[in-house]
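Student: I have the picture open, and I want to know where the labels come from. Can we go through them one at a time?

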Amino acid sequence: MELDRLIHERVRLGLLSALAAGGPLAFSELKEIVGTTDGNLSVHARKLEDARYIVCNKGFDGRTPRTEYNITAKGRRALKRYLDHMEALIRAAREATDSK
Amino acid sequence: MLRSLARRKLCNIKYLTKLKNRLIVRPMRAKDATSNGPIALDRRAIDNLRFIRETMERAVAFTAVSGWGLILTGVVACVAGVLAARTDDRRAWLEVWLGAAAIGFSVSALAMWRKARRSQTSLLSKPGRKLMINFSPPISAAVLLTAALVRSEQFDLLPAMWMLLYGAGVTTGGAFSVRPVPLMGVCFMLMGAFALFGGSAWRDGLMVASFGGLHLVFGFLIARKYGG
């Protein structure tokens, strides 16, 4: 099993986790949850968009522009695979410790 | 003189001069007394899983409060306001509002539970627990003060006290939720302050405006912007 390097990075992992739990979230909400800057969030969100793990919807809330992100089915599967990978690592380490 | 200079090569003069105080360049990374080598993979995996869980909990906090639940609570408060205004008996007035509070609380809790279930989260998650822990003390104080004020027949103080303490609970509990929630709490407290110092004559009107109007306005806002 190979580690998905795209979501192994902390900000991108945070973005996917937040969207998986909180549904569609606005740019400002994501920034607050992940705790990063506008520029950093944009760059990492773009990478996840390019991989089709998330989708970006741009619209207006009255006259204010609103950028909203949502996780795709592919992104949800990738996060699940990543979680499985982490659990497998922990399990393997436990088994190795027990066998000693 | 010239011979001694010739013996000292220029490179030695310029670059290999001895410094009186030796420069000590300290490593930028702080010394970690506990680590004796690279971090184990399983420890990193545990750390990653913890990070995912905490991020998910923070994200859920943004959507935990149900807007539709608040709207229904607002409707219940409006109906209670109409019923309470029709009665002159203070005990009956109190029963109407206590009944409305019980119905409103149940409706809100049910709506929150349904919203949490829809987003596949638990109300007993960390943000949910934080909300309850911060909301409970002012509400418990309100219950005790209600009993004390009813016992001393000071019914006129009840609406202001309810608005102030409910507002305090919503403000502190709402600190872990979407921004409209603590803002609603502040509005309740402002209306409570007004009722306390000048608005006792409009007791029922203020109750409907706060428990009815504020719940309807903010409930609609949350339902529209934060997924129900």
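Student: What stands opposite A:Gly59 in β3(A)?

Tutor: A:Arg66 does. Keep in mind that this is a predicted model. A second pair is A:Asn57, whose bridge partner in β3(A) is A:Glu68.

Student: What makes β2(A) and β3(A) paired strands?

Tutor: Count the bridges. Pairing needs at least two bridges between the strands. β2(A) and β3(A), residues 64-71, are joined by eight. That meets the cut-off, so they count as paired. They run antiparallel.

Student: What holds paired strands together in general?

Tutor: Strands of a sheet pair through backbone hydrogen bonds.

Student: What is the strand order in the sheet of chain A?

Tutor: The order is β1-β3-β2, in an open sheet of three strands with antiparallel pairing.

Student: Why do β1 and β2 of chain A stand at the edges?

Tutor: Each has a single partner strand, so one side of each is left without a neighbour in the sheet. β1 covers 25-26 and β2 covers 54-61.

Student: Which helix packs on this sheet?

Tutor: Helix α4 of chain A, residues 38-50. It touches β2 and β3 of chain A, and its direction makes about 120° with that of β2(A).

Student: How many residues lie between the strands in the hairpin of β2(A) and β3(A)?

Tutor: Two. In that hairpin, A:Gly62 takes a positive phi near 75°.

Student: Where is B:Glu153, and why does it count as exposed?

Tutor: B:Glu153 sits in the loop between α6 (126-151) and α7 of chain B. It has 8 C-beta neighbours inside 10 Å, so it counts as exposed. Its phi is also positive, near 60°, and it is a residue other than glycine.

Student: Why are α7(B) and α8(B) called roughly antiparallel?

Tutor: Look at the angle. Helix α7 (residues 158-173) and helix α8 (residues 180-197) of chain B pack at about 160°, with their axes 7 Å apart. Angles over 145 degrees count as roughly antiparallel. Therefore α7(B) is roughly antiparallel to α8(B). The crossing is left-handed.

Student: Which residues make the contact?

Tutor: From α7(B), they include B:Met163, B:Leu164 and B:Val170. From α8(B), they include B:Phe188, B:Met189 and B:Leu196.

Student: How do the residues of the contact of α7(B) with α8(B) divide?

Tutor: Into 17 nonpolar, four polar and no charged. Gly counts as polar here.

Student: How many residues of chain B and of chain A take part in the contact between the chains?

Tutor: Chain B gives 19 and chain A gives 15. On the chain B side, eleven are nonpolar, six polar and two charged.

Student: How many helices and strands does chain A have?

Tutor: Five helices and three strands. From the N terminus they run α-α-β-α-α-β-β-α.

Student: How much of chain A counts as buried?

Tutor: Of its 100 residues, 31%. To count as buried, a residue needs 20 or more other C-beta atoms within 10 Å of its own.

Note on methods
Residues numbered from 1 in each chain as written. Chains lettered and ligands numbered in written order. Predicted model: local features only at pLDDT ≥ 70, side-chain atom pairs only at ≥ 80, totals over all residues. Axes fitted to C-alpha atoms, helices over the stretch in contact; angles between N-to-C directions. Helix = DSSP H or I, 4+ residues; strand = E, 2+ residues; numbered from the N terminus. Parallel < 35°, antiparallel > 145°, perpendicular 65-115°, else oblique. Left-handed = near helix turned anticlockwise from the far one by under 90°. Contact = placed C-beta atoms within 7 Å. Buried ≥ 20, exposed ≤ 12 C-beta atoms within 10 Å, placed from the backbone.
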